[in-house]
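Here is a friendly tour of one protein chain.

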Amino acid sequence: MDLSSESVKRTLGKYKFRDVAIEELKKVHRMHPEMVPQAGTYTFSDSTQKDLLKLVGNIPVRYQGRSYNLPILMWLLDSFPFTPPICLLRPTPNMVIREGKHVDARGRIYLPGLHNWDHPKSTVNGLLTEMIAKFEEEPPLSSKNSGDGKDPTELLAYVSKLQVSEGGVKPDRPINKVTVIGGGDLGMATVMSLLAKGSVDKLVFIDLPDCATKGGTMDLEIFNLPKVEVSKDLASSVGSKVVVVTANAWSNEQSYVGVVQTNVDLYRGVIPTVTRLSPQAVLLIASQPVDIMTHVAWRQSGLPPTRVIGAGCNLDSERLNYILNVTLNTHVTGLQGWVIGEMSENKVAVMSSVGSEMIQASSSTKPLTDRAFEILKGKGQRSWSVGLSLADIAHSILMDQRKTHSVSTLAQGWGGIGVEVFLSLPCVLGATGSTRLAVMALGSEEDSKVRESIASLTSFLAQLRM
């Protein structure tokens with residue numbers, strides 16, 4: 001490997017672990033002499049630039065008994081090899097990138113080996129081996145030309161289209177893909193409830209290694225349910241329309257703030273990644289405490305607040321209406337019950353008129369609402385019931401139902417709320433996320449509880465490191 005050119009030597013001299021980087025590059029040359037080092041300038045997502053080394057070349061991939069050379073490049077950060085390279089496809093003018101599990105629309109490559117990089121266990125040679133294996137399973141490039149069939153990449157495109165059709169999904173219809181992150185009872189309940197709804201074409205269930213809510217994934221792998229992919233790799237979530245997060249982190253902390261901080265730290269390794277892989281997705285949060293963690297997910301994702309919601313009081317609201325209409329046999333025409341506010345002892349029940357964007361509380365129905373709410377308080381929230389609620393929310397989004405749910409949403413501007421805080425409020429849900437309904441008039445008792453929650457949540461958030 002030629003490291004003697006002035007530009008390469010000058011750039012390599014700026015690396016923090018220059019000697020270790022050189023040894024790693026020599027190992028790459030012995031196994032992959034086609035990967036050539038070059039100096040260049042890399043532009044980061046915040047528009048800053050840095051002079052770095054890159055490895056440029058082709059990797060050999062066999063598919064359907066034929067060999068192909070896929071052009072790639074690997075940018076080596078200045079802390080290489082202790083940080084993973086940034087890997088990209090280099091499509092020629094007659095090639096197009098096929099977005100998939102391991103490649104985004106811009107050609108950036110995502111692999112488990114990159115996500116779990118740990119030098120010296122992790123090496124570029126090992127990464128290239130993994131890359132070749134993954135691309136032999138799912139070709140990342142196809143041809144722009146229909147031509148006469150002589151271009152090998154046309155075969156990749158043709159076969160890939162056949163695979164989509166064989167899976168039962170029409171190529172001309174967007175796939176309803178949902179990812180559930182976090183194992184355990186709630187994750188499993190959510191997966192089964194989503195399948196029962198029938199609106200999901202593909203469901204990815206990701207069990208994180210650092211997650212306290214583990215288990216169930218082995219059984220799903222054993223019994224191999226249709227449409228379900230079990231994974232430990234966040235890259236599997238690429239192209240999701242809805243990402244449901246049920247994960248909670250392990251914690252040995254004694255204080256409540258410390259326990260929640262471990263969840264915040266877990267999210268830091270999850271939310272930005274899934275947002276990058278599925279930039280149009282709606283994030284549906286069920287981790288605890290849900291209002292805080294929905295706020296954290298919104299901050300970390302960079303998404304508009306309409307596309308980050310929490311499970312919030314949806315289950316309580318649906319139960320409240322069931323109690324009103326079935327248990328108490330009221331069948332109040334034109335009115336609907338809602339549980340709103342913080343998902344805590346401060347949540348409040350209100351009755352409102354429906355059928356328009358403006359909803360007004362009705363004081364005449366307060367005794368009835370209070371009675372139903374007392375019955376509701378005796379109902380626990382088991383994993384399967386929360387899973388059913390999450391599936392119902394996701395179904396409204398996937399099918400663009402424009403149905404109203406009480407979900408945790410950014411409440412700033414609602415009822416004079418001036419701070420950034422997430423509370424459960426009635427929102428219309430559809431394919432683009434949530435639309436918060438206009439303000440309802442609250443009674444003094446309900447308003448006091450909501451204000452108390454705002455102060456408590458704001459104070460708590462100030463103690464967390466986002």
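**The largest cavity**

The lining of the largest cavity is made up of four nonpolar, two polar and four charged residues. Here Ala, Val, Leu, Ile, Met, Phe, Trp, Tyr, Cys and Pro count as nonpolar, Asp, Glu, Lys and Arg as charged, and the others, Gly among them, as polar. This is a predicted model, where local features need pLDDT of at least 70, side-chain atom pairs count only at pLDDT 80 or more, and totals for chains, interfaces and linings use all residues. Residues are numbered from 1 along each chain as its sequence is written, and side-chain values use heavy atoms, leaving out hydrogens and water.

**Cavities and pocket**

- Rolling a probe the size of a water molecule over the atoms shows where empty space is left.
- On a 1 Å grid over the protein atoms alone, a cavity is a set of points where a 1.4 Å probe fits but cannot get out, and a pocket is an open set with protein on both sides within 12 Å along at least five of seven lines; lining residues have an atom within 4 Å of a point.
- Grid points are joined across faces, edges and corners, and a volume is the space filled by probe spheres set on the points.
- The largest cavity holds about 50 Å³, and its lining includes Arg98, Lys101, His102 and Phe135.
- The second largest pocket has a volume of about 810 Å³. Among its 28 lining residues, Asp104, Arg106, Arg108, Tyr110 and Arg276 are the closest to its centre.
- That pocket's lining divides into 17 nonpolar, five polar and six charged residues.

**Helix α4**

- Helices (H or I, at least four residues) and strands (E, at least two) are DSSP runs, numbered from the N terminus.
- Helix α4 covers residues 124-137 and reaches 20 Å from its first C-alpha to its last.
- Its buried residues (under 20% relative accessible area, 1.4 Å probe, protein chains only) include Val124, Leu128 and Phe135.
- The buried residues of α4 pack against α2, β2, β3, β4 and α3.

**Ala235**

- Ala235 is in the loop between β9 and β10, and it counts as buried because its relative accessibility is 5%.
- Ala235 touches Lys101, His102, Tyr110 and Leu277, leaving aside residues up to four places away in sequence; contact means heavy atoms within 4.5 Å.
- Ala235 and Pro112 are 123 residues apart in sequence, with their C-alpha atoms 7.4 Å apart in space.

Methods:
Expected span 1.5 Å × (residues − 1). Buried < 20%, exposed > 50% of the residue type's maximum accessible area, 1.4 Å probe, protein only.
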